[in-house]
Amino acid sequence: MRIGIIVAMDKELRQLQEVFKNSDVLVQKCGIGKVNAALGAQKMINEFHPDVIISSGCAGGNGDDINVQDIVVSSELCYHDVYCGKAIDDTTVYGQVQGLPARYQADPELLRKAICLQISNTKLHPGLIVTGDWFVDSKDKMREIIGHFPEAKAVDMESCAIAQTCYINNVKFISFRVVSDIPLRDTDASQYHDFWNTVAENSFQTTRAFVESL
């Protein structure tokens, strides 16, 4: 099985390359945001022809049961900053690109294997990941997002764009996101900076365990 992993930032790339050194798994950086994510996913599909693409990296968390360094695995994904309106099609919902799914579902078998993972000292939460071109550094912005998607477990800037690209190309997809901060409990992204300074190095082992289960 050919497996590709896409991350957004150099700091994520370095850590995952270390996790997967001496492996056939391809780890690549796409850059931050939806356009970079889609371009990176399409390039990986064109050149590497993966059977599975995994989005890995960090995300802001949401929910009373979510804490920093927990893992959110995508059961479904959508955009938090897309609205096509109702002028042409009144069935299109907030977060949906008209003509495409309202939510992208993770591959059922990949999700089943992810949920079955037993990683010591790691809490894994399956749920909705929402994506948009916004680093959520204020409680007001997070409240706005959660107002549309109260069930969201994580907010990031790439996963749904990769999911959309995989959907169009018929490639299996799933996202693992380490919770780096809880915006509704944070001030000025201090949790995010502390995450990279203190706990990030051990945060990507769940992705490795998942790959080993395939």
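1. Leaving aside its neighbours within four places in sequence, Ile 54 is in contact (heavy atoms within 4.5 Å) with Ile 3, Gly 4, Ile 5, Ile 6, Ile 174, Phe 176, Thr 207, Phe 210 and Val 211. Please keep in mind that this is a predicted model, in which local features need pLDDT of at least 70, side-chain atom pairs count only at pLDDT 80 or more, and totals for chains, interfaces and linings use all residues. Residues are numbered from 1 along each chain as its sequence is written, and side-chain values use heavy atoms, with hydrogens and water left out.

2. Ile 54 is also one of the residues with the most contacts inside the largest nonpolar core, which has 30 residues. Such a core is a set of buried Ala, Val, Leu, Ile, Met, Phe, Trp, Tyr and Cys residues joined through side-chain atoms within 4.5 Å, where buried means under 20% relative accessible area with a 1.4 Å probe and protein chains only. Among the elements that each supply at least two residues of this core are strand 1 (3-7), strand 3, strand 8 and helix 7 (205-213). Helices (H or I, at least four residues) and strands (E, at least two) are DSSP runs, numbered from the N terminus. Apart from this core lies another, of 27 residues, including Val 82 and Leu 100.

3. How many residues of strand 3 are buried? The count is 10 of the 10, so strand 3 is largely enclosed by the rest of the structure.

4. Two strands pair if DSSP finds at least two bridges between them. Strand 3 pairs in the parallel sense with strand 1 over 4 bridges, and Gly 4 has Ile 53 of strand 3 as its bridge partner. With strand 8, strand 3 again pairs in the parallel sense, over 9 bridges, and here Ile 54 has Ile 174 as its partner. Strand 7, by contrast, runs antiparallel to strand 3 and is joined to it by 2 bridges, with Val 155 as the partner of Gly 60.

5. Ala 8, in the loop between strand 1 and helix 1, is buried, with a relative accessible area of 6%. Leaving aside its neighbours within four places in sequence, Ala 8 is in contact with Lys 29, Cys 30, Gly 31, Ile 32 and Glu 158. Ala 8 and Pro 101 are 93 residues apart in sequence and 24 Å apart in space, C-alpha to C-alpha.

Key. Buried < 20%, exposed > 50% of the residue type's maximum accessible area, 1.4 Å probe, protein only.
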